[in-house]
Amino acid sequence: MRLPSITLARILALCLAAPTGPAAAQGAAVSAEGQGAAASASGWITHPDAAVRERPIVLDFRRTFDLAAVPAAFPVTVTADNRFNLYVNGVRVAMGPSTGDIAHWRMEALDLAPYLRPGRNVIAAEVWNFVKPPPVLPSNATDAQKRAAAGGELFSQTAPIFQQSVDTGFRLRGDGPAAAVGTDQAGWRVAVDGGRSAVNGYRQVRRWFYVAGSPEVIDAAKANWDWMAVAEPKGDWREAVPAPGAAARTLTIDRLPQQEYAPVPAGTVVRSDLDGGKAFPGHAVTVPANTHVKLLLRRDAMISAYPELAVSGGKDAVIKQTYAEALYDDQFKKADRDLVDDRKAVGIWDTFTADGGRRVFQPLWWRTWRYLDIDVVTQGEPLTLDGLRVFETGYPFQQIGSFKSSDPVLDHIWQVGWRTARVDAHETYMDTAFWEQNQYVGDTRLQALISYAVGGDPRLAEQAIDAFAQSDVDDGLVEGAYPVRNSNAIAPFSLLWVGMLHDWWMQQPDTGPVVRHLDRMRKVLHWFERYQAPSGLLTKNPQWNFIDWAGQPATDRTKFPSYGKDGESCLMSVSWLGALRQGAALEKALGDLAQAAADTARADAVRAALRARCWQAGRGLYADNPDGDVFSQHTNTLAVLYDVATPEEAPAILRRITKAGGGIDAPDGMYVSSYYFAWYLAQAFVHAGLADDYHALLQTWRDLLALHYTTWPEERGNTRSDTHAWSAHPTADLLDIVAGIQPGAPGYAAVRIQPALGALTQLDATAATPHGAVTIRYRVVGAKMVADIRRPKDLPGEFVWQGRTYPLDAVETHLSVPAPRREER
């Protein structure tokens, strides 16, 4: 199911339509329980002892009330610090709050009426705060002390690094009949769940950078059970008290829908040392007393989900549940992702201790895995594993786009990319759902393009554009990833944020996100001016100038991009040039014409400097610095994409930086693009009129399929992450380049269809647009290519083929044109 949500406008409408008079008063009569408890003017409440307890902390809140009849609407807004799961009469209704920062703290807008019943009702919420307060440093703290504090965060934190916090608390406010049950009214009860805690995830995996959801520890003997039942359960329940500290933030209604929460298959046991263990989870299995066993489950594909393990008996049995993207050998190397043999699951794990009753264990935060290792150690009683249910979660995209061709491998590449994009999309885009869960600008730009083309839903992209704009580093840059608790400024990612604005302008008719951030964009572009040398090129700035992984460790922030003896970088300069061109286009269309002219003039000056100081005629390439001793695909890709190279020069440059055999690899003697930066390489080929060469670049993804990836990896070789959406851009490119469906004007005011079929003889594809779906059907038969195109009636367009343009005058167009030329394949 998808959890329900309603917009602020809908809440207001419900409030205006809410019943009034005596019937309404009877409809939301407040239970006598808790009368006399202090009410919070801000609506934030907490446990009386929360301030003196160390985090991690889990609080259970509950409120009972009586209804004579169920009202037509019961609108509320709900939020918490740090997270909540909301239940009404035992039914899971919502989770949140959707991720923001302190100045933009989100509230979920919900209608609880569908979950109510006449008589006694209970609203219950489990609220947890795993964000440990940062250490207090003296005002004169040294850089070494600051670095040590940052390192302490990595080794001690028990919450994803993107989650922020002020103080533990919960807030529910209602309108109309729901006003009487808000947390600004008396009647709320709260208890500490002493059986739930969390530990640091990095300390479990150790070998790789981990800052995502923390492993949880659940002790059934100490945990609160049945806390959401109508009758108050046993335990130390107290009256909730105001939480003034938690109110120190700015609240805003969340514009995103509730995250998906849908049951899916749990997978199958592929290895077990328990007799009969392979029957699980389809059938219950029993682990004898005083026994240690393991069951390894494999899903058909990677997933982000909530696992729910049901057990009975087995007092004091300890269950360790390890989540892994892939299995490793004893040298911590991955191989074929389907290979099991004696390989082991390496990842974070949750720990559950049974109390002898029938219990259902589910972590509060979702996990990402393909392999799930269940390790059970029983004591004096046997433990029965009754079942395992899995609830997939993520942003609730509806798939509109599709791709099916005469080449089934291309179809597989498309599907794996779409799965990767979904696994890594939640309340924010995420670089990797397993390892970091951070919304990075570079990754997010490509993920947004997939969302536009396949899901037709721009809301998550707009959230990202706004979030980055709300950050500020060094008086101009946006954070490299945001929201986040620590600062990680990546100067080139600020330039890519300008690219995100330009993408939005082309893809979406709503100009609001661009217009409201024009001033912010100007700050970004102007920030780089202070580092411009008299030559026109950029010199080194004090931030991390990450362009791409090019063999350097994360701690080496000087190797790539390279700087010449005068401290100048051609690669950084061409990156700035591209953003200046994009900014000038946005200014010309929506902003300040004088600023557009200034940005254009500065871009022209940078272009002249690049051509004068970076072109190496002997190699027919642009060097990474004016010394001419370092070369990369990156500098030459951007030189073509941003018109530093002339149209006559561009094709030869692109063929010099790629291998004739296909794939994205570079010839010896230059830095090669990662899977991520290959998007820019592909766009350069299209820009140079070589779109059909895109098929050869996809050889790299064809090779990956031989290892049975179900989501795309982060980097080459023994990659840390198997779920990295920055490698999923072929899913958008196959629609945009191969099927040829792309915006023909800003705001997708028109569609331009210019396919690059290569050797394909059949192609059926659909791409989402703001006006509705565009569908194409291509068939190559003999000397002809037959194209059937369907477009929304209010979306004008054209079909471009072999230098000729055909207007799409009707909703459905049938064309018979010459087959692709052999040299184009």
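Guide: Helices (H or I, at least four residues) and strands (E, at least two) are DSSP runs, numbered from the N terminus. This is a predicted model, in which local features need pLDDT of at least 70, side-chain atom pairs count only at pLDDT 80 or more, and totals for chains, interfaces and linings use all residues. Residues are numbered from 1 along each chain as its sequence is written, and side-chain values use heavy atoms, with hydrogens and water left out.

Visitor: How many helices and strands does the secondary structure of the protein chain come to?

Guide: Both kinds of element occur in the protein chain. The count is 18 helices and 39 strands.

Visitor: What radius of gyration does the protein chain have?

Guide: The radius is taken over C-alpha atoms, and the globule rule is 2.2 Å times the number of residues to the power 0.38. For 825 residues, a compact globule would come near 28 Å, and the protein chain agrees with that, having 28 Å.

Visitor: What share of the contacts with a separation of 6 or more joins residues 24 or more positions apart?

Guide: A contact means heavy atoms within 4.5 Å. In the protein chain, the share of such contacts between residues 24 or more positions apart is 76%.

Visitor: Where does UniProt place the six-hairpin glycosidase domain?

Guide: UniProt positions are given in the numbering used here, feature names are shortened, and annotations may be inferred rather than shown by experiment. The unreviewed entry puts "Alpha-L-rhamnosidase six-hairpin glycosidase" at residues 399-653.

Visitor: Which elements do the buried residues of α13 pack against?

Guide: Buried means under 20% relative accessible area, exposed over 50%, and partly exposed in between (1.4 Å probe, protein chains only). Nine of the nine residues of α13 (residues 633-641) are buried, so this helix is largely enclosed by the rest of the structure; among them are His 634 and Leu 638. The packing partners are α11 (570-590), β31 (621-622), α14 (650-656) and α15 (678-687).

Visitor: Which residue just after α18 takes a positive phi?

Guide: Helix α18 (residues 730-738) has eight of its nine residues buried, so it is largely enclosed by the rest of the structure. Its buried residues include Pro 730, Asp 733 and Val 738. Just after α18, a positive phi of about 85° is taken by Gly 740.
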